Amino acid sequence: MSSDAAATGPVVPEPPGPAAVPAVTPERVLAGLALLVPIVAMLWVSSYDKTGPETGGVPFFYWYQLLWVPVSAVFTVAAYLLINRDEKARKGARKAGGAR
């Protein structure tokens with residue numbers, strides 16, 4: 001072990017500056033809203049607490065909730081894609097910030 005390595009210590013990269021990558025981005029806000037929409041729709045029971053109109057003999061109360069299963073999946077995929085896009089942008093910003 002050389003004395004130079006002991007004198008300088010381990011090399012620790014500097015964290016990026018606080019302005020380099022904002023904590024809240026439009027993508028993250030939209031992803032949060034996309035996840036919030038199905039939750040609010042299902043918790044707002046008075047909006048679908050009725051029997052009519054019936055579809056194929058199934059009361060509105062049931063088919064409305066079943067309709068939200070694929071709709072929630074679409075909102076969840078949208079949130080995933082938005083977060084993925086944001087993470088790629090953050091990685092790019094970190095690489096660009098470290099290349100200086």
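The chain comprises three helices and zero strands, where helices are DSSP runs of H or I of at least four residues and strands are runs of E of at least two, numbered from the N terminus. The structure is a predicted model, in which local features need pLDDT of at least 70 and side-chain atom pairs count only at pLDDT 80 or more, whereas totals for chains, interfaces and linings use all residues. Residues are numbered from 1 along each chain as its sequence is written, and side-chain values use heavy atoms, with hydrogens and water left out.

Along the sequence, the elements follow the pattern α-α-α. Of the 100 residues, 15% count as buried; buried denotes under 20% relative accessible area, exposed over 50%, and partly exposed the range in between (1.4 Å probe, protein chains only). Among contacts (heavy atoms within 4.5 Å) with a separation of 6 or more, 56% join residues 24 or more positions apart. The accessible surface of the chain amounts to about 7,700 Å², and carbon and sulfur atoms contribute 69% of this area; areas were computed by the Shrake-Rupley method with a 1.4 Å probe, and for residues only the protein chains shown count as cover.

The largest nonpolar core consists of five residues, Ala41, Tyr48, Phe60, Tyr64 and Trp68. Such a core is a set of buried Ala, Val, Leu, Ile, Met, Phe, Trp, Tyr and Cys residues joined through side-chain atoms within 4.5 Å. Helix α3 (residues 60-98) gives the most to this core, with three residues. Apart from neighbours within four places in sequence, alanine 41 is in contact with Ser47, Tyr48, Tyr64 and Trp68.

Seven aromatic pairs are present in the structure. Rings of Phe, Tyr and Trp (its six-membered ring) pair if their centres lie within 6.5 Å; planes under 30 degrees apart are classed as stacked, over 60 as edge-to-face and the rest as tilted. Tyrosine 48 and tyrosine 64 form a stacked pair, at 5.0 Å centre to centre and with 25° between the planes. Because tyrosine 48 lies in the loop between α2 and α3 and tyrosine 64 in helix α3, this pair ties together parts 16 residues apart in sequence. Tyrosine 48 is buried at 4% relative accessibility, and tyrosine 64 is buried at 17%. The rings of tyrosine 64 and tryptophan 68 have centres 6.3 Å apart and planes at 70°, so this pair is edge-to-face. Both residues lie in helix α3, four residues apart, about one turn of the helix. Tryptophan 68 is likewise buried, at 14% relative accessibility. Ring pairs link Tyr48, Phe60, Phe61, Tyr62, Trp63, Tyr64, Trp68 and Phe75 into a cluster.

A nonpolar surface patch of about 750 Å² is formed by Val24, Val29, Leu30, Leu33, Leu36, Ile39, Val40 and Leu43. Patches are made of residues with over 30% relative accessible area and no salt bridge, like charges being joined within 9 Å and nonpolar side chains (Val, Leu, Ile, Met, Phe, Trp, Tyr) within 5 Å; a salt bridge is a side-chain nitrogen of Lys or Arg within 4 Å of a carboxyl oxygen of Asp or Glu. Leucine 30, situated in helix α2 (residues 26-43), is partly exposed with a relative accessible area of 46%.

Threonine 25 is located in the loop between α1 (3-8) and α2. This threonine is buried, with a relative accessible area of 9%. Not counting residues up to four places away in sequence, threonine 25 touches Asp86 and Arg90.
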